[in-house]
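Colleague: I am new to this structure and would like a close look at a single part of it. Please set that part in the context of the whole.

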Amino acid sequence: MSPHAVQIVPTGTNNWWKEATIYQVYPASFKDSNGDGWGDIPGLISKIPYLHSLGVDVVWLSPMYDSPMHDMGYDVSDYEKVLPAYGTVEDVEKLVHACHERGMKLILDLVINHTSDQHKWFQESRSSKDNDKRDWYFWRPPRYDAYGNRLPPTNYRGYFAGSTWTWDEHTQEYYLHLYAKEQPDLNWDNPAARKAIYDSAVRFWLDKGVDGFRVDTVNKYSKHTSFPDAPITDPKSYIQPAIQMWCNGPRIHEFLREMYDETLQPYGDVVTIGELANTPDPQHVLKYVSASAKQLSMVFHLDIGHIGMGDSLEDKYIFRPWKLTEMKSIVTKWQSFIEGTDGWTTAFCENHDNGRSVSRFGSDAPEYRERSAKMLALMMVAMTGTLFLYQGQEIGMINAPRDWPVDEYKDIEGRGYYEEAQRQVDAGIDPTRKDRIMNGLGILARDHARLPMQWDDTPHAGFTTGTPWMRLHDLYKEINVQQQESDADSVLTFWKTVLRLRKEYRELFIHGAFEILDFDNQNTFCFIKSREGRMALVALNFTSEEQPFTQVAMTGKMKLLVSNYTDTLSEELQPFEGRIYISEEQI
Ligand code: TEU
C-alpha cells in the first residue's frame with residue numbers, strides 16, 4: 001500500500017446516511033401525473049419503485065412548497081403548504097410512506113435564508129415600520145449621492161445580476177435580498193424570526209416523518225449587519241461582489257448549533273446536508289461538519305460545480321477553459337479533508353444548479369456520450385463520503401443543444417446575466433458580452449439540469465401528457481429510461497451495477513483513504529482508495545484519445561473489478577475509459 005495514504009478511522013457512530021446513495025429530484029421536471037405539464041408528487045410516488053431498483057437509498061426532493069416560482073420554489077410563500085401544481089401535504093405524507101415501506105428515506109430542501117415576498121411574514125414586515133415583524137427582515141434607509149439621487153444602503157451585487165436592495169415606496173426604505181427581489185432575506189439575528197423558522201419550516205415536516213434536509217445557502221444566515229460597502233473590484237459598475245458580507249458571518253455557527261439543539265437533535269439521527277459556498281479552508285468546513293460541532297452532517301462544496309465558470313461573480317457565466325488538474329485538486333481536497341477527523345463529506349458532480357456532467361466533464365458527442373457517462377460513474381462510486389446522484393444522471397442526460405435560443409432558458413439567474421449583458425451591449429460598455437454570456441449559458445446554465453426527465457420515446461418522453469413547462473431535449477428518443485432498462489450495456493444498467501459494487505466494497509469506496517497518483521497528468525485521473533491493507537485503483541481517461549496507463553505496474557496483484565470497455569488494453573486507456581482494480585488480499 002502507498003506509504004502516503006492515511007487511514008480514515010470514522011469516529012462516532014456509523015450513521016445511516018454515511019453509506020446512503022441520495023438521489024435529487026427536481027419536482028417540476030421529474031414526472032407529471034395529471035397532464036398539466038408540471039412534475040408532481042403523485043408522479044414521483046409512481047417512480048419510487050424505479051428509484052429503488054436503481055439502488056437509491058434516499059430521495060432528496062427539491063422545494064415543493066407553495067411559491068410564486070420566481071426561483072422555481074426557492075422562494076417559499078408558505079413552508080406548511082405544498083405548491084398546488086405539485087400536490088398536497090397529504091401527498092408528501094404518502095411519499096414518506098412510499099419511501100419508508102421500501103426501506104428508503106426522504107429528505108426535503110430547507111430554504112430558510114429568505115422567503116418569498118409573498119410570504120405572510122414579509123407581507124406583515126413591509127406593511128409598516130412599526131410592525132412587530134419589521135425586524136424579521138433587513139430594512140435600511142436610502143443614501144443619496146452628491147446630486148441628491150437616491151442610492152441603496154450598500155453597493156452589493158446579488159447572485160442574480162443586480163443590487164441586493166430593493167426600494168419599498170410604502171415605507172420609504174430598502175430591503176435586502178441576496179437573490180431575486182422576490183426573495184427577501186430573513187433576519188436571523190432576530191430570535192422570534194428564528195423560532196418561527198424552526199417551527200414552520202423544520203419541525204412541521206419532521207413531524208410528518210421526513211428524515212432530514214438539504215440546507216440551502218447554509219452559511220449565509222449571519223450577515224455583517226453594519227453593512228459596510230464592498231471594495232470596488234469592478235470599476236465599470238456601481239454594484240460590487242460582496243459575498244464576504246454574508247458568507248460565514250459572525251454568528252453562523254451559533255445559529256446552526258441552536259437549530260441542531262432545538263429542532264433537529266430531538267428527532268434523532270436526522271441528516272442535514274448544507275450547501276456551503278465560498279469556504280475554501282477545510283479547517284473552517286470542519287467547524288460545520290465535525291460530529292462534535294453538532295451543526296451539520298455534511299456539506300456540498302460547490303467548487304466542482306464552478307469548474308469552467310468565470311473567476312468572478314459578474315463573470316460566472318463567461319466560460320473559462322479548465323484543465324483536469326483543477327478538478328483533481330478539488331476532488332483531492334474534499335476527499336481527504338476528513339481523514340483523521342469526526343467529519344464527513346459528500347461526493348457529487350451534478351445538481352439543479354449546474355450543467356450536465358457528461359457535457360461539462362466528458363463529451364456529449366454521440367460516439368462518446370455513453371462512455372463518458374460510465375467513466376464519470378466510476379469516478380463517483382469510488383469516492384469517499386455520501387454519494388449524490390441528480391435526476392437523469394443515471395441515464396446520461398446531457399446539456400440542451402447549443403443552438404437553443406435564449407427563450408428556451410427559463411432560469412432567473414441565467415436570464416438575469418443575459419439581460420444585464422444586453423444592457424451593457426446597448427450602452428456600448430461591452431459589445432461582445434451578450435455573445436460570451438450566451439456561449440457560457442450553453443455550457444453552464446442551471447437550465448441544463450432542469451429539462452424534463454426522459455422516461456421513454458413517447459411524446460414528451462413520457463414526462464407529461466400535456467404541454468411541458470420546459471422544452472424536452474431533442475434526443476429524448478435516444479436517451480430514456482425505458483430504452484436503457486432493457487439494455488445490458490446501457491448507462492442505467494451500468495449505474496445499477498456500480499452502485500451495488502460501491503456497497504459491496506464500502507470499506508474502500510465509501511470509507512477508504514483517497515490518494516491521487518497522477519496529479520500533473522492533464523488527460524487521465526488515477527487514484528487509489530485504501531483501508532486496512534486493502535486497495536482499489538481507479539483509472540480514468542478524460543479524453544477522446546488513447547492515453548498511456550502509467551499505473552499498470554501497480555495492478556500486478558489486483559483484479560479488474562469493472563470497466564466501461566469489454567476489451568481493455570493493458571498499457572493504454574481507451575477514449576473515456578474508466579477502470580477499477582481491487583487488491584485480492586492485504587497489500
Ligand atoms: O443556491 C445557492 C447559490 O448561491 C447558487 O447561485 C449557487 O451558488 C450556484 O448556482 C451554484 O453553482 C441555492 C439553490 O441551490 C439555488 O437553486 C437557489 O437559486 C438559491 O440557493 C437561492 O435559494
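What follows is a request about one residue and a connected reply.

Colleague: Where is Ile304 placed, and which residues does Ile304 touch, not counting residues up to four places away in sequence?

Modeller: A word on the whole comes before the part. This is a predicted model, and the protein averages a pLDDT of 96, with 97% of the residues scoring at least 70. Where pLDDT is low, the predicted coordinates should not be read in detail.

The protein has 15 helices and 24 strands. Its radius of gyration is 24 Å, close to the 25 Å that the globule rule gives for 587 residues, so the protein is as compact as a globular protein of that length. The C-alpha trace spans about 75 × 55 × 50 Å along its principal axes. Of the 587 residues, 63% count as buried. Among contacts in the protein with a separation of 6 or more, 70% are between residues 24 or more positions apart. The accessible surface comes to about 21100 Å², and 51% of that surface belongs to carbon and sulfur atoms. As for charge, there are 61 positive and 85 negative charges, and their mean positions are 2 Å apart.

Now to the part in question. Ile304 sits in the loop between strand S15 (298-301) and helix H8 (324-336). Is Ile304 buried or exposed? Its relative accessibility is 5%, and because the cut-off for buried is under 20%, Ile304 counts as buried. Leaving out residues up to four places away in sequence, Ile304 touches Ile330, Val331, Phe348, Cys349, Arg360 and Phe361. Two of these names, Ile330 and Val331, carry numbers that fall in the range of helix H8 (324-336). Tyr368 is 64 residues from Ile304 in sequence, and their C-alpha atoms are 22 Å apart in space.

Ala230 lies in the loop between strand S12 (212-215) and strand S13 (240-241), and with a relative accessible area of 4% Ala230 is buried.

Gly414 gives a case within a helix, H11 (residues 412-426). Gly414 is buried, with a relative accessible area of 4%. Between Gly414 and Ile437 there are 8.8 Å from C-alpha to C-alpha and 23 residues in sequence.

Most residues other than glycine have a negative phi. Phe576 has a positive phi of about 55° although it is not a glycine. The place of Phe576 is the loop between strand S23 (572-573) and strand S24 (578-583), and Phe576 is buried at a relative accessible area of 3%. For His460, phi is near 60°, again a positive value in a residue other than glycine. His460 is in the loop between helix H12 (433-444) and helix H13 (481-485); its relative accessible area is 29%, and His460 is partly exposed.

Conventions:
Residues numbered from 1 in each chain as written. Predicted model: local features only at pLDDT ≥ 70, side-chain atom pairs only at ≥ 80, totals over all residues. Heavy atoms only, no water. Helix = DSSP H or I, 4+ residues; strand = E, 2+ residues; numbered from the N terminus. Rg over C-alpha atoms; globule rule 2.2 N^0.38 Å. Buried < 20%, exposed > 50% of the residue type's maximum accessible area, 1.4 Å probe, protein only. Contact = heavy atoms within 4.5 Å. Areas by Shrake-Rupley, 256 points an atom, 1.4 Å probe, with all protein chains shown as cover. Lys, Arg positive; Asp, Glu negative; His and termini not counted. Charge placed at Lys NZ, Arg CZ, Asp CG, Glu CD. pLDDT = per-residue confidence, 0-100.
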